[in-house]
Amino acid sequence: MNDNLHQLRCFGCGARIRGDQANPIFRCVECDDLFEVEYPGWNQLRGTDRPNAGALKWLWRERRASSELLDRSGVWRFRELLPILDSFGNAVSLQEGNTPLYHLPRTSKALGVAQVFAKHQGMNPTGSFKDTGMTSALSVAKERGFEWVACASTGNTSAAMAAYAARAGMKSLVIIPDGKIAWGKLSQSMDYGAVTCQLATDFDGCVRVLTSIVQQAPIYLLNSVNPYRLEGQKTPALEIAEYFDWSVPEHILVPGGNLANSSALGKGFREMKALGLISRLPKISVIQAEGANPLAQSFRDNGGQSIVPVKAQTRATAIRIGNPASWRKAAQVVLETGGWCLDVTEGEIAVAKAELGREGIGCEPASAVTLAGLKKLVGEGKVAPSDTVVLLLTGHTLKDADYTIDFHRGTLLKPEEAAPVLPEMEALRRDAVKVEATPEAVLARLKEIQGGWV
Ligand code: F0G
């Protein structure tokens, strides 16, 4: 059976090509811009290729009770909206997606916004949202007969790629910036058997090296310039809409690094609206770290029309990216949905991460920019008390335990970074202390803690 109904459309000049005609770097030969996957059959008003909204809502819900491998995946459960394979039998899945959406009662109360939720993409098989895009793009690589896959990464893409490649029996090459990725992530690519190269450059330098490599060797590029990554990464939008019974929240906040995730979520909501699954779009806002903020800067300077790359610097290493590949797509999503793009400081990120920890949720630093950004939007009156807000938490808290420990030990931030958030920070810090091995000593420690039960 041929399930494949897609073509690629250049985001810049609109040129259309067949999926298998893309060059190894997934750039348009006419204008050098990126492609996005499009499904021509969906434009027909009726016909067998246009998905039927009512039937799909029912079918996708039914699949949650199925024990079939594809149905158990929170990505392939929605396969009618990602017909990118000749046969879905070629899908490589680790049962990704179907991640939890948590209400955040303390955050809601503190901000005076009744309905703040966290969609925790860190609860995916390798601990980040990258799994949703890896299952789709790596499955295409496998179907097209590639033996090798590769990516440049700040750590999560490489962890996901290495795992999915291992599942598929393929070989993977990981290119990462030396010393600038979290240990949890580095350990994963080793564990899953990738060939891991640490380069003495930053993420943007790693991308340049890999771009050259894939043009010289038959290696399939799995960075997010690969449009099939975004197809899987749009499915959390479907899960969110389904959770709210197809009436979407007012706001979605997403961390911005290479800017593919915001692009993918925007595509997901846009397609759902075009197909009649939802009736309006949520406002999608992209939040960056102050030291890696080219899109936020672009919105301040020229309304998201052009970008000036920056030399990126942030402890949220996942989003330490100065020249984001998908900035045009992300800017369009922000503009078309009426959202915002802003940046937050190192101190604000650290406090927001600890606050999410106190909710019993936890996440990696890059994910916490969303809560820090929400506080700013609320402060500027851009979020109403009655609004429903969903924060996209992109990575698991155990990815970067060093950051958490440094925060609680008080060694994470420089004094000038900590100063503006000092009271909040001190209220949240809970360092581990060495205590004598007696009940009396432990009880004495409890007495020392303000608000303890003794
Ligand atoms: N959050 C986490 C935890 C990430 O790992 C990334 C990106 C982002 C947010 C930003 O998403 O790039 O789509 O805007 N990590 C990439 C990587 C770059 O290599 O793992 P984006």
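**Bridges, sheet and chain totals**

Me: In S3, what is the bridge partner of Arg9?
Reply: Glu36 is the bridge partner of Arg9 in S3. Strands here are DSSP runs of E with at least two residues, helices are runs of H or I with at least four residues, and both are numbered from the N terminus.

Me: Before going on, what kind of model is this?
Reply: This is a predicted model, in which local features need pLDDT of at least 70 and side-chain atom pairs count only at pLDDT 80 or more, while totals for chains, interfaces and linings use all residues. Residues are numbered from 1 along each chain as its sequence is written, and side-chain values use heavy atoms, with hydrogens and water left out.

Me: OK. In which sense do S1 and S3 pair, and over how many bridges?
Reply: Strand S1 (residues 7–10) pairs with S3 in the antiparallel sense, over 4 bridges. Two strands count as paired if DSSP finds at least two bridges between them.

Me: And what is the strand order in that sheet?
Reply: The order is S2-S1-S3, an open sheet of 3 strands with antiparallel pairing. S2 (16–17) and S3 are at the edges with a single partner strand each, so one side of each has no neighbour in the sheet.

Me: Are the faces of S3 covered or uncovered?
Reply: Both faces of S3 (residues 35–38) are covered. Phe35 and Val37 on one side are buried, as are Glu36 and Glu38 on the other. Buried means under 20% relative accessible area, exposed means over 50%, and partly exposed is in between (1.4 Å probe, protein chains only).

Me: Switching to Ile287. Which strand is that in?
Reply: Ile287 is in strand S11, residues 283–289. Its relative accessibility is 0%, so Ile287 counts as buried.

Me: What does Ile287 touch?
Reply: Leaving out residues up to four places away in sequence, Ile287 touches Leu253, Val254, Pro255, Gly256, Leu342, Val344, Val369, Thr370 and Gly373. Contact means heavy atoms within 4.5 Å.

Me: Which residues other than glycine have positive phi?
Reply: Gln95 is one of them, with phi of about 60 degrees. Another is Asn98, with phi near 50 degrees.

Me: Where is Gln95?
Reply: Gln95 is in the loop between helix H2 (69–72) and strand S4 (101–103), and Asn98 also lies in the loop between H2 and S4. Gln95 is partly exposed at 41% relative accessible area, and Asn98 is partly exposed at 36%.

Me: Now the whole chain. How many helices and strands?
Reply: The chain has 18 helices and 13 strands. Its radius of gyration is 22 Å, close to the 22 Å of the globule rule for 454 residues, so the chain is as compact as a globular protein of that length. The radius is taken over C-alpha atoms, and the rule is 2.2 Å times the number of residues to the power 0.38.

Me: What share of the residues count as buried?
Reply: Of the 454 residues, 56% count as buried.

Me: And how many of the contacts join residues at least 24 apart?
Reply: Among contacts between residues at least 6 apart in sequence, 69% join residues at least 24 apart.
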